[in-house]
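Here is a short briefing for a reader who is new to this chain. Look at the sequence and the structure first, then work through the points below.

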Amino acid sequence: MVRKHKKLSLFSLLIFCLFLQACGINTAMRAKIEYKELKISVDNPYPLIAHGRPGDGVYVEIRDATPFGIADRLKALIEENLIARGFQIVPLEAAKYNIFLYVRGSSGNKSAREVMGNGEEIGGALVGGTAGFLAGAQKGPVEAVVGGLVGVTAGAISDLASSMVKIGELDMNCHLSLTIKKQGPQGENKPVKMDNNFTVSAKKENLKWDECSTQVLEAIAREVANII
């Protein structure tokens, strides 16, 4: 009877280890499929709306703090969007709207587990080792150690499967300042300043800047031009 119970415990541990490995492989495959194509997202919880009118003059200035040298290209895209909506691009002194955009960029890679949200804070090796130790502890200290080692190995394989798929993330953090020239009661200029922060993000497996630069800059340009 005791021997049968031991076989049952070892069988349960084996099933758990196979399940843990399958979870890591499944997470990796889901991430690989989901992020095979480029994903662009915009996070702008408090967008500005200035209610401009076609024909109004706009001046655009870019401060580029990214390593990509985007200032000229981004400025041109913003101006193209504004012109398409009927606004005029004019020198600063003639502009009713002065748009100043400061852009910072950050990038990095995350494992499939981190991106898909499957236990990014607790590694599979730790989970597997703990579960294996507890399963073996039903029999004794030696079995607990053996179970823990088996669990660690299974968890490590799960971690390896997850870490082999790298999802690249790029965040373009944008600070937008809009100054509007308004006339006071005596005809004097009374500038009104408005500020806005938003982020344009790109995600893709093994992401490279050349693969996402056009879509990222177009998304920033649309977000800026839409404020007036």
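G105 touches T66, D171 and M172, leaving aside residues up to four places away in sequence. This residue, G105, lies in strand β4, residues 97-111. The model is a predicted one.

**More on G105**
- G105 has a relative accessible area of 30%. That value falls between the 20% limit for buried and the 50% limit for exposed, so G105 is partly exposed.
- The C-alpha atoms of G105 and C174 are separated by 8.7 Å. Along the chain, G105 and C174 are 69 residues apart.

**The chain as a whole**
- The chain holds 6 helices and 6 strands.
- Their order along the sequence is α-β-β-α-β-β-α-α-α-β-β-α.
- Of the 228 residues in the chain, 37% are buried.
- How many of the contacts between residues at least 6 apart in sequence join residues at least 24 apart? The share is 81%.

**Helices α2 and α6**
- Two packed helices are described by the angle between their axes and the distance between the axes.
- For α2 and α6, the angle is about 50° and the axes are 9 Å apart.
- The crossing of α2 past α6 is right-handed.
- Which residues meet where α2 and α6 pack? From α2 come R73, L74, L77, I78, N81 and L82. From α6 come S213, T214, L217, E218, I220, A221, R222, V224 and A225.
- A76 also belongs to helix α2. A76 is partly exposed, because its relative accessibility is 32%.
- A76 and A221 are 145 residues apart in sequence. Their C-alpha atoms are 8.8 Å apart in space.

**Aromatic rings**
- A pair of aromatic rings is described by the distance of the centres and the angle of the planes.
- The count for this model is 1 aromatic pair. F68 and W209 form the pair, at 4.0 Å centre to centre and with 10° between the planes. Planes under 30 degrees apart count as stacked, so the pair of F68 and W209 is stacked.
- The pair links distant parts of the chain, 141 residues apart. F68 is in the loop between β2 (57-64) and α2 (71-84). W209 is in helix α6, residues 209-225.
- F68 is partly exposed, because its relative accessibility is 27%.
- Another ring has a charge over its face: K75 lies over Y59, at 5.4 Å from the ring centre.

**Positive phi values**
- Most residues other than glycine have a negative phi.
- H51 has a positive phi, near 55°, and is not a glycine. H51 sits in the loop between β1 (39-43) and β2. H51 is exposed, because its relative accessibility is 67%.
- N206 also has a positive phi, near 50°, and is not a glycine. N206 is in the loop between β6 (192-205) and α6. N206 is partly exposed, because its relative accessibility is 41%.

Note on methods:
Residues numbered from 1 in each chain as written. Predicted model: local features only at pLDDT ≥ 70, side-chain atom pairs only at ≥ 80, totals over all residues. Heavy atoms only, no water. Phe/Tyr/Trp six-rings, centres within 6.5 Å; stacked < 30°, edge-to-face > 60°. Helix = DSSP H or I, 4+ residues; strand = E, 2+ residues; numbered from the N terminus. Buried < 20%, exposed > 50% of the residue type's maximum accessible area, 1.4 Å probe, protein only. Lys NZ or Arg CZ within 6 Å of the ring centre and 35° of its normal. Axes fitted to C-alpha atoms, helices over the stretch in contact; angles between N-to-C directions. Left-handed = near helix turned anticlockwise from the far one by under 90°. Contact = heavy atoms within 4.5 Å.
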